[in-house]
Amino acid sequence: MSARSYIVDDREKKTFLLDREALVSEEVLRGEISQVFGRCWIYVGHSSELKKPGDFRSRRVAGRPVIFCRDQQGNFHCLFNTCRHRGAIVCTERAGNRRRFQCIYHGWTYGNDGRLVGVPGDDAYAEGFDKSSHGLRRPARFEDYRGFWFMCLDPEVDPLSDYLADAKDYIDLVIDQSPSGEMEIIAGVQEYDVAANWKLMVENSVDDYHLPSTHSTWLNFMANSGVKIEPPKEAGLVLPTRGKAVELGNGHFTTDNVNFRGRPVAKWIPLYGEAAKAEIDAIRRELVDRLGPERAQRVADTNRNLVIFPNLVINDGSSVTVRTFYPEGAGKMHVTAWALGPVEEGESARARRLDAFLTFYGPGGFATPDDVEALELVQQGLANWAEDRWSEMSRGMGKEGEQLNSDEHHLRIFWRRWNEMMGASA
Amino acid sequence: MTVAAPTVVTRAEVEDFLYREAALLDDWKLGEWEALLTDDAAYYVPPNDQLEGNHRNTLFLIADDRERIRQRVIRINDPNCHAEYPRSRTRRMISNVRIVGVEADLVTVAANFVCYRFRRHERIREYVGAYRYVLRRTGDGFRIKERRVLIDAHELGSLGSVSFIL
């Protein structure tokens with residue numbers, strides 16, 4: 001692997017520059033498919049998507065068609081959706097419940113635990129042909145943290161729990177919304193392409209510097225809906241409240257912001273309507289009773305946009321979204337986004353959560369389309385990369401101590417880790 | 001004294017109304033378009049994998065009540081709505097219009113559509129699907145009580161966003 005570095009990280013001069021080739025080059029993409037996506041834990045799905053034995057979802061994870069499923073005993077599996085015979089996809093449905101997956105080509109049939117259970121005309125094979133060694137292949141590792149399942153193609157990788165490092169605390173904070181500690185993926189998925197490099201989505205998901213300029217129409221909408229949007233009171237802030245960027249280890253990081261935009265769990269804003277007040281108060285009381293006042297405040301009064309390196313984002317903001325994305329070429333990515341909520345959430349609270357989601361997130365939301373536009377404009381602008389080579393990412397480097405959500409500290413964490421995984425020495 | 005017999009709703013009347021609506025949207029006359037809505041109007045775009053879902057328990061792409069539609073129009077008329085500035089050019093083709101139900105003053109209508117969208121130098125984006133309307137008959141013609149847009153694509157994919165009124 002080349003030792004070439006894509007960043008200039010000068011801590012003395014307090015400058016951080018990114019070589020734009022990292023965002024446009026197909027060769028870089030080939031490198032990151034093996035060096036990054038081939039070696040990191042990659043999000044597959046959530047246990048709530050498979051409620052019963054036999055439930056399955058077929059999807060692409062890090063470019064690989066997989067079947068995320070449960071066997072008859074209820075064990076979770078991640079199987080490569082590729083027939084061992086001649087290579088065809090064996091599960092063509094998106095979701096359902098099946099004991100068997102049968103390849104349409106020659107009829108090889110697999111159990112929902114991946115075992116090969118049927119080969120038409122198997123007497124034509126030589127005696128040594130062993131069905132038990134022809135089960136569906138699977139990624140080297142498949143582990144979960146509190147219902148979030150990840151796969152890794154590298155058998156030598158650290159256990160998921162070690163890999164997640166301090167990000168686990170922030171996952172816990174999301175899950176603490178639920179009285180039973182169980183969250184679920186809500187029906188309905190948003191899948192859309194963005195004509196931009198996938199790493200721009202990582203940046204955008206945690207970059208609070210862009211909010212006032214990219215999302216002024218969302219801020220207007222919030223103000224029109226009775227939410228007080230006060231000008232920042234402190235030097236360096238760009239939003240009404242204070243927020244910081246936190247490093248979580250292994251390339252993970254989060255923003256951690258004092259809420260001003262309301263939260264379904266559990267901070268009322270006028271947007272939710274007067275009728276919602278009593279229910280949100282009750283949700284909040286439950287939090288305080290269960291978690292104590294301090295922890296309840298952490299859960300209910302802060303927003304956190306969490307990045308699990310390299311491509312999982314859990315935004316606990318206007319609502320909770322689980323979002324993952326994968327490159328389809330250097331200048332294009334495919335995004336999949338779900339909403340997450342407590343399993344015991346009542347009908348009206350669930351409806352409010354989904355409505356709050358749509359005020360900001362998604363292809364028809366009041367903010368995401370403008371993010372998509374910003375990322376696509378970056379990608380278009382980068383056509384000049386060879387003559388205009390460096391992106392500037394040193395915001396916040398000049399100061400001591402805490403880094404704000406609107407600084408670029410967390411973006412630098414991502415890029416340092418990425419650069420290191422790509423084989424560069426810092 | 002004669003009592004007026006309930007008038008029959010004709011497909012031609014419904015088509016005229018849908019074509020007029022399509023022209024207003026294609027021409028970005030969103031104020032005039034809003035005047036076609038009832039005070040309790042709703043606008044839904046279900047997710048591609050749950051076309052028959054209920055927005056109260058399923059994550060939609062768009063689930064606007066009347067107030068949210070008003071805010072959506074304010075937003076997309078604002079030059080700071082970057083996804084629609086410069087504005088998309090759209091061209092809607094509506095066909096296979098069917099009246100599928102009439103109950104009192106409400107008329108349920110199904111139609112097919114293709115909406116072509118162009119932005120700057122981008123290639124064409126083709127939104128293909130079905131409209132489902134609940135129209136209210138008034139003394140002043142139809143008003144839209146519900147407007148549901150079912151996109152046929154299995155995922156939004158390269159269509160990207162639904163940042164305009166589809």
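By class, the residues lining the largest cavity divide into 4 nonpolar, 7 polar and 5 charged; here Ala, Val, Leu, Ile, Met, Phe, Trp, Tyr, Cys and Pro count as nonpolar, Asp, Glu, Lys and Arg as charged, and the others, Gly among them, as polar. The model is predicted, so local features need pLDDT of at least 70 and side-chain atom pairs 80 or more, while totals for chains, interfaces and linings use all residues. Residues are numbered from 1 along each chain as its sequence is written, chains are lettered from A and ligands numbered from 1 in the order in which they are written, and side-chain values use heavy atoms, leaving out hydrogens and water.

On a 1 Å grid over the protein atoms alone, a cavity is a set of points where a 1.4 Å probe fits but cannot get out, whereas a pocket is an open set with protein on both sides within 12 Å along at least five of seven lines; lining residues have an atom within 4 Å of a point. Points are joined across faces, edges and corners, and a volume is the space filled by probe spheres set on them. By this rule there are 5 cavities of 30 Å³ or more, and the largest has a volume of about 140 Å³. Of its 16 lining residues, A:Asn204, A:Ser205, A:Asn305, A:Asn315 and A:Phe360 are the closest to the centre. Two elements of chain A, α5 (198-206) and α10 (368-381), each give two or more residues to this lining, and α5(A) gives the most, with 3 residues. Helices (H or I, at least four residues) and strands (E, at least two) are DSSP runs, numbered from the N terminus.

The largest pocket has a volume of about 940 Å³. Its lining holds 39 residues, of which A:Ser58, A:Arg59, A:Arg60, A:Arg94 and A:Glu191 are the closest to the centre. Among the strands of chain A that supply at least two lining residues are β3 (42-46), β5 (64-70) and β19 (320-327), but the largest share, 5 residues, comes from β4(A). Here the classes are 18 nonpolar, 11 polar and 10 charged residues.

What lies in the nonpolar interior? A nonpolar core is a set of buried Ala, Val, Leu, Ile, Met, Phe, Trp, Tyr and Cys residues joined through side-chain atoms within 4.5 Å, where buried means under 20% relative accessible area, exposed over 50% and partly exposed in between (1.4 Å probe, protein chains only). The largest core has 157 residues, and A:Trp218, A:Trp415, A:Trp418, B:Trp33 and B:Leu166 touch the most other members. A second, separate core of 14 residues includes A:Leu79, A:Cys83, A:Phe101 and A:Leu116.

Some backbone details deserve a look too. Most residues other than glycine have a negative phi, and most peptide bonds are trans. The bond from A:Phe309 to A:Pro310 is cis, with omega near 0 degrees, and A:Pro310 lies in the loop between β17 (302-308) and β18 (312-316) of chain A. Another cis bond runs from B:Tyr85 to B:Pro86, with omega near -5 degrees. A:Ala165 is not a glycine, yet has a positive phi of about 50 degrees; this residue sits in the loop between α3 (160-164) and α4 (167-175) of chain A and, at 22% relative accessibility, counts as partly exposed.
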